[in-house]
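The report below goes through the charges, the overall build and a few individual residues of the structure shown here.

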Amino acid sequence: VQLTPYRVSPVRLLWLLALGLLLVLLLSVFVGRYPAPYWMSPGLLQEDALAQRLVFSLRLPRLLVALLLGMTLSACGAVLQMVFRNPLVEPGFLGVSQGAAFGAAFSILWIGSSPVVIEILATLFALLGLLLSYTLARQWRFGGWALRLILAGIAVSALFSAGVGLLKYLADPLTQLPEITFWLLGGLWSVTWRDLLYILPLVLPGLALVYLMRWRLNLLSLNDETAFSLGVAPGRERGLLLVAAVAATAAVISVSGVVGWVGLIVPHLARRLGGANAQFTMPISMLIGGIFVVICDNLARILLPGEIPLGILTSLIGALVFIGLMLSANLGLRQ
Amino acid sequence: VSHKLSRFLSWLLISILLIAIVPRSILAAPPGQSAVTCVETYTVQADDWLSKISAKFLGNALAYPALVAATNQQHVQDSTFAQITNPDVIEVGWKICVPSAEAAQALLLSSATLGGEVMVTDVLNRTLIFSQKPQRFVIAGRATTLLADAFYMFPEAGQRLIGVERGNQSENDFLAVIDPAYDDKSFLESIAGPEQIAPLKPDVVLLKSFMADKLGQPLEQLGIPVVYVDLENPEQYNRDIAILGQLLSNPARAQEILDFYQQRVDRVQQAMTGLTDEQKPSVLLLQHSDRGDEVAFSVPPAAWLQTTITELAGGTPVWTEAAEKGGWTVVGFEQIAAWNPDQIYVINYFSDPVAVVEQLKADPKWQELKAAQNEQLFAFAKDFYSWDQPDSRWILGLQWLATKIQPERAAKIDLRQAINEFYTQMYGLDPATIEAEVMPLMKGL
């Protein structure tokens, strides 16, 4: 059997995806429920003041946050999968998302509900979540590494979820509780330029660092001795990458709420399409993630006269596409 | 090749950054949000009034709403500026912000702050001025039906309301009974964002105050004014009905409504004066829920309306210590048995509480309870909605509860009459309609 892992060369694929992303972004500006469901003619922008404000002060920042959310979750998923040498992890499985959620709820309850404070607390607790999962997995003495890491992640996530539950008990029902509940619900419908500006200082450097260090990821996914002999300081570089990826993730989560499955599915898709070399899969992951979340958020915005929680759409569509692609790839191998 | 790619992707990142930052400075900030700068600050002297100051600085006595708006905006950042809630009342020493002529013009033209016809200060202490009476109202957020019920106590509500979330507690929509055109409204799903609200082109959106960050701010960025009301407990009812009265330019009706509620609260309070603690039975309110995957009983937080009306009606709520602050707390039978209260009231929002109580009475476990043995196990009364919640019907709930908890002292309360008065005076229904539409749904009276 001749194995042909990809039909399109990764470089061409990247250009295709980049063009696709630009096209999706451009079209998304005119997709919505104003003035009528689904589509707004570009001409309206010149005549209608409300349409202008809607596009410039709400849709644009929302689009950009959706783009960053997709890119960040996918990049973080890819980093976690490679660094931990475990194809089954994503931010939601390692205590990162739940840690961020706990940090946000904690902040709303006791410290303050200003976006910056929520973001900082979310980041700190997300890092704590990852650290706990990793340390626990290292301490345990049974099962393989992949299994231990997943189990530890599940345990830590459960701890933080329980913590969020407790905080909801203590919250003031008239003011804090609705705020926490809304935050946990997830979604980008309330995003404004201010939110985007608040997350950029963490997200852009995080993404840039992960992107620039992508070729080191290949080395870091080897075992320590091999990596070291190739001239890498594995501990430090892994730490740096993880902190960058997790901080960026926590920052976007602090605006969007927990959005699951993107970080797991997209890197797999990217590897399926572009091979295992992080040189290409990292940017492919980011682009696919961006396109994917922007499309899901468009659907969340237009399908009903109310917002559909983003996490539902990402899981549904992501899982369907994923299953489809895996099946078709299997067929390809059998031939 | 990968160099090109690198460059392309770096360029992509940089352009995202640019797109993110540029419009903020280039695009004019939306009205109501724009930071007005004061070309002058003026301290109010004796015998000043706003139109005089306006004539002096802006050259037009009629431009005074611009002073109000500019000063109130400054007040948010700098509390040395006055907060003007009523343009007719200013005091000596107040610091007034005088905007530039252009800024004043912009303030006068922007929909949120134009002219002085309707002026309202909401629960977050924000003052809004509308040039004309707002005609198109949207009620958004969650559980808006209860808010809509309060809004409909004003006769003009039906014409003005254009969009609302459809209620989910009852198959029979109460608002469809009082407003024949109700089915023509735009119905929003439970989480409607600015994108879904904007097509309705509302003049004003009513929200509960906890929605301010999530929904209020984005709406105001669109230039859609937002007024916050809460209506969660009796004090908030007093305050917020008055706000709705201002907004609908019908303060007289607001006063009528407040008097109606106050008279009934007073009547119950008078009937209960002098009750000693021994004379107050211990009371447990339980919400029965068979939605989701299990049957559960839960008690409300101590700070909610249910506790207030139980105390007003002459009972001692037993659940307040067990209840957590955040919301309904599930309690097991053991806890209920440990309380073993004199009276138990079973609430069910989605189905028939009377049927639930019949089941409980047949349950040998429940028959052991003091309340069951003394026939003091009741279904909480409901018609379209259960009467225990922060809906306009809480006033019926209070009177009904008084007749149950303190039957002798509340003997003068005639519930049939109370129901008729409520639906006639608050919603303008005639007795025949009440008989045909409301009474058939009545449970547990």
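## Charge in chain A and the basis of the values

Chain A carries 20 positive and 12 negative side chains, and the centres of these two sets lie 12 Å apart; Lys and Arg count as positive and Asp and Glu as negative, while His and the chain ends are not counted, and the place of a charge is taken as NZ of Lys, CZ of Arg, CG of Asp or CD of Glu.

This is a predicted model, in which local features need pLDDT of at least 70 and side-chain atom pairs count only at pLDDT 80 or more, whereas totals for chains, interfaces and linings use all residues. Residues are numbered from 1 along each chain as its sequence is written, chains are lettered from A and ligands numbered from 1 in the order in which they are written, and side-chain values use heavy atoms, with hydrogens and water left out.

## Overall build of chain A

Chain A has 14 helices and two strands, where helices (H or I, at least four residues) and strands (E, at least two) are DSSP runs numbered from the N terminus. Its C-alpha trace spans about 65 × 50 × 35 Å along the principal axes. For 335 residues, a compact globule would have a radius of gyration near 20 Å, and the 20 Å of chain A agrees with this; the radius is taken over C-alpha atoms, and the globule rule is 2.2 Å times the number of residues to the power 0.38.

Of the 335 residues in chain A, 57% count as buried, with buried meaning under 20% relative accessible area, exposed over 50%, and partly exposed in between (1.4 Å probe, protein chains only). Among contacts (heavy atoms within 4.5 Å) between residues at least 6 apart in the sequence of chain A, 73% join residues at least 24 apart. The accessible surface of chain A comes to about 13,500 Å², and 71% of this belongs to carbon and sulfur atoms; such areas come from the Shrake-Rupley method with a 1.4 Å probe, and for residues only the protein chains shown count as cover.

## Overall build of chain B

Chain B has 19 helices and 15 strands, and buried residues make up 55% of its 445 residues. Of the contacts in chain B with a separation of 6 or more, 65% come from residues 24 or more positions apart. Chain B exposes about 19,300 Å², of which carbon and sulfur atoms supply 49%.

## Salt bridges

Side chains of opposite charge can pair when their charged atoms come close. Over all chains, a search of the whole structure finds 20 salt bridges, each being a side-chain nitrogen of Lys or Arg within 4 Å of a carboxyl oxygen of Asp or Glu. In one of them, the side chains of B:Glu195 and A:Arg59 meet at 2.5 Å, N to O. Because B:Glu195 lies in helix α8 (residues 194-197) of chain B and A:Arg59 in helix α3 (residues 49-83) of chain A, this pair joins two chains. Both B:Glu195 and A:Arg59 are buried.

Within chain A, A:Arg216 forms a salt bridge with A:Glu237, and their closest N and O atoms are 2.8 Å apart. The pair ties together parts that are 21 residues apart in sequence, because A:Arg216 lies in helix α9 (residues 214-220) and A:Glu237 in helix α11 (residues 234-256) of chain A. A:Arg216 counts as buried at 15% relative accessibility, and A:Glu237 counts as buried at 15% as well.

In chain B, the closest N and O atoms of the salt bridge between B:Glu256 and B:Arg253 are 2.8 Å apart. These two residues are separated by about one helical turn, because B:Glu256 and B:Arg253 are three residues apart in helix α11 (residues 251-272) of chain B. B:Glu256 is partly exposed at 47% relative accessibility, whereas B:Arg253 is buried at 10%. Elsewhere, salt bridges that share partners join B:Asp149, B:Asp383, B:Asp391 and B:Arg393 into one network.

## A buried glutamate in chain B

B:Glu421 is placed in helix α18 (residues 415-427) of chain B and, with a relative accessible area of 18%, is buried. Leaving aside residues up to four places away in sequence, B:Glu421 touches B:Phe260, B:Arg264 and B:Met426. B:Glu421 and B:Phe260 are 161 residues apart in sequence but 9.4 Å apart in space, C-alpha to C-alpha.

## Positive phi angles

Most residues other than glycine have a negative phi. A:Tyr38, in strand β2 (residues 38-39) of chain A, has a positive phi near 85 degrees, and its relative accessible area of 46% makes A:Tyr38 partly exposed. B:Leu231 has a positive phi of about 55 degrees although it is not a glycine; B:Leu231 lies in the loop between β9 (226-228) and α10 (234-247) of chain B and counts as buried at 3% relative accessibility.
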